[in-house]
Structures are given as structure tokens and as C-alpha cells.
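Subject: Structure handover

Hello,

Here is the structure for you to look at. My notes on what was found follow below it.

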Amino acid sequence: MSTILQICGTAVTAAVCAMILKKMRPGPTVAVSVAALILIFLLAVNKYGSAVLTVSALIKKNGFEKYGELMLKALGIGITVKIASDICRDCGEESIAGGVELAGKLEILLLCIPFAVELLTLSSELVS
């Protein structure tokens, strides 16, 4: 619980600082946002990294390595795309943010195609 409070406190403090800086000098607001984002990311990794390792170990133990790897890659792509698109929006580049999100969605779709093919092949074998 204390980690989420640290993350929320960091986010609110950074947002207030960015708002004040934006009124004074708009240039450094993106730097404040990126610095806060890095700090929040480090706090989250420090707290939740062990949970990811535990889930990875369970996936490997039960023979679902391929599917677990797919899930973790998709999650990583989603998080990375969200961070990049939010930074683009903070810079006022809405169309670039939309392009990044579209590229991320396509990347996840391409990542899942082999799994979908395998699933369809298995289901057609079961029906036959």
C-alpha cells in the first residue's frame, strides 16, 4: 500500500510542479514529466518486479513458457506505447501519440498471430 501512495504522491507533486512551470516557462515541463515518469517506473519495478518473476516461474513450471512469454511481451509493448504516447501528448503532439498507439496495437496483433494460428489448427484437429 505504501508504494502506491509514493507513486501517487510523486505523480501529484510532479503534475503540480509541471503546472507551475508551464505558467512561468513552458520548456522544462516535459523534463519534469519524464523525470517523474522514470521515478514512478523505478518505484513500480522495485515493488512489483518480484511478482512478475513469481508469475514467470509459475508459467515455466506448468509448461506454458510460450504463452507466458507472449503475455509478458504484449504487456511490455502496451506499457511502453502508453508511456511514449503520453509523453507525445505532453509535448502537444496528439497525432504522433495516436500513431504510436496504432503501431503498438499492430505490434501486439502481429505478436499474437502465431498463437492464433496454433489455436485454430488445434481446434480444427479437435473438430475433425
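Let me start with contacts. Among contacts in the protein chain between residues at least 6 apart in sequence, 53% join residues at least 24 apart. Contact here means heavy atoms within 4.5 Å.

A word on the source. This is a predicted model, where local features need pLDDT of at least 70 and side-chain atom pairs count only at pLDDT 80 or more, while totals for chains, interfaces and linings use all residues. Residues are numbered from 1 along each chain as its sequence is written, and side-chain values use heavy atoms, with hydrogens and water left out.

Overall fold

The protein chain has 4 helices and 0 strands, in the order α-α-α-α. Helices (H or I, at least four residues) and strands (E, at least two) are DSSP runs, numbered from the N terminus. The radius of gyration is 20 Å, well over the 14 Å that the globule rule gives for 128 residues, so the chain is more spread out than a compact globule. That radius is taken over C-alpha atoms, and the rule is 2.2 Å times the number of residues to the power 0.38. Along the principal axes, the C-alpha atoms fill a box of roughly 70 × 35 × 15 Å.

Of the 128 residues, 16% count as buried. Buried means under 20% relative accessible area, exposed over 50%, and partly exposed in between (1.4 Å probe, protein chains only).

A buried serine

Ser 85 sits in helix H3 (residues 65-90). Its relative accessibility is 0%, so Ser 85 counts as buried. Leaving out residues up to four places away in sequence, Ser 85 touches Ala 97, Val 100 and Glu 101.

Salt bridges

The structure holds 4 salt bridges. Each is a side-chain nitrogen of Lys or Arg within 4 Å of a carboxyl oxygen of Asp or Glu.

- Lys 73 pairs with Glu 69, with the closest N and O atoms 3.2 Å apart. The two are 4 residues apart in helix H3, so about one helical turn separates them.
- Lys 82 pairs with Asp 86 at 3.3 Å, N to O. Both lie in helix H3, 4 residues apart, about one turn of the helix.
- Arg 89 pairs with Glu 101 at 2.9 Å, N to O. This pair links distant parts of the chain: Arg 89 is in helix H3 and Glu 101 in helix H4 (residues 94-127), 12 residues apart.

Arg 89 is partly exposed at 29%, and Glu 101 is partly exposed at 22%. Arg 89, Glu 94 and Glu 101 are linked in a network of salt bridges.

Best wishes
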